[in-house]
Amino acid sequence: MRIEQEFFEAYMAIYRPYINRANSVLSTYKLYSSQWLILKDIEKNGTTTSVDVSRRRGIEKPTATKVIKHLLELGLIQSHQGEDRRIKYLTMTEEGKRLYDEVSDKMNQMQQEVLKDFEIDEVQELIASLRRMNL
């Protein structure tokens, strides 16, 4: 087997189990990983638009719109009209901030558990290597 194939097989072997573990944590809060990632994006970037979220997350705008609609329905984010009536700005609600802090703690615990057998320099090296990929 070529090294490239071996790399991507190893990556795929951990990706789905990680998402399943994340969804297990998130399901307690009636969230899925796709919703969590968008909520994290809004928390990190502050006031933003759905177009910006979809661009940063690398997802199609209709997909982002569907997830954002669900987050709005849950009351975790809010939308308000900009000066340009075509643009709606998204911000996190107080409930969203509270939930974000709580879920973030749980996700951090889960991630620490997943990486418990690695030294910090090994994790930093993996991060640096993955960021060098041209995707």
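Student: Which residues in H2 and H3 meet?

Tutor: Contact means heavy atoms within 4.5 Å, and helices are DSSP runs of H or I with at least four residues, while strands are runs of E with at least two, both numbered from the N terminus. In this predicted model, Leu37, Ile38, Asp41, Ile42 and Asn45 of H2 meet Val53, Arg56 and Arg57 of H3. Sorted by class, this contact has 4 nonpolar, 1 polar and 3 charged residues, where Ala, Val, Leu, Ile, Met, Phe, Trp, Tyr, Cys and Pro count as nonpolar, Asp, Glu, Lys and Arg as charged, and the others, Gly among them, as polar.

Student: At what angle do H2 and H3 pack?

Tutor: Axes are lines fitted to C-alpha atoms, for helices over the stretch in contact, and angles run from 0 to 180 degrees between N-to-C directions. Helix H2 (residues 33-45) and helix H3 (residues 50-57) pack at about 110 degrees, and their axes are 10 Å apart. Angles under 35 degrees count as roughly parallel, over 145 as roughly antiparallel, 65 to 115 as roughly perpendicular and the rest as oblique; H2 and H3 are therefore roughly perpendicular to each other. A crossing is left-handed if the near helix is turned anticlockwise from the far one by less than a right angle, and right-handed if clockwise; that of H2 and H3 is right-handed.

Student: Where do H2 and H5 meet, and how do they cross?

Tutor: The axes of H2 and helix H5 (residues 94-114) come within 12 Å and cross at roughly 120 degrees, and the crossing is left-handed. Trp36, Lys40 and Glu43 on H2 meet Tyr100, Val103, Ser104 and Met107 on H5, a contact with 4 nonpolar, 1 polar and 2 charged residues.

Student: Is Ser50 buried or exposed?

Tutor: Buried means under 20% relative accessible area, exposed over 50%, and partly exposed in between, with a 1.4 Å probe and protein chains only. Ser50, which is placed in helix H3, counts as buried because its relative accessibility is 17%. Leaving aside neighbours within four places in sequence, Ser50 is in contact with Lys61, Ala64, Ile68 and Leu90.

Student: Where is Phe118 found?

Tutor: Phe118 is in the loop between H5 and helix H6 (120-131), and at 39% relative accessibility Phe118 counts as partly exposed. Beyond residues up to four places away in sequence, Phe118 touches Val123 and Leu126.

Student: How many helices and strands does the protein have?

Tutor: The protein has 6 helices and 2 strands, which follow the pattern α-α-α-α-β-β-α-α along the sequence. Of its 135 residues, 28% are buried, and the C-alpha trace spans about 55 × 30 × 25 Å along its principal axes.

Technical notes:
Residues are numbered from 1 along each chain as its sequence is written. This is a predicted model: local features need pLDDT of at least 70, side-chain atom pairs count only at pLDDT 80 or more; totals for chains, interfaces and linings use all residues. Side-chain values use heavy atoms; hydrogens and water are left out.
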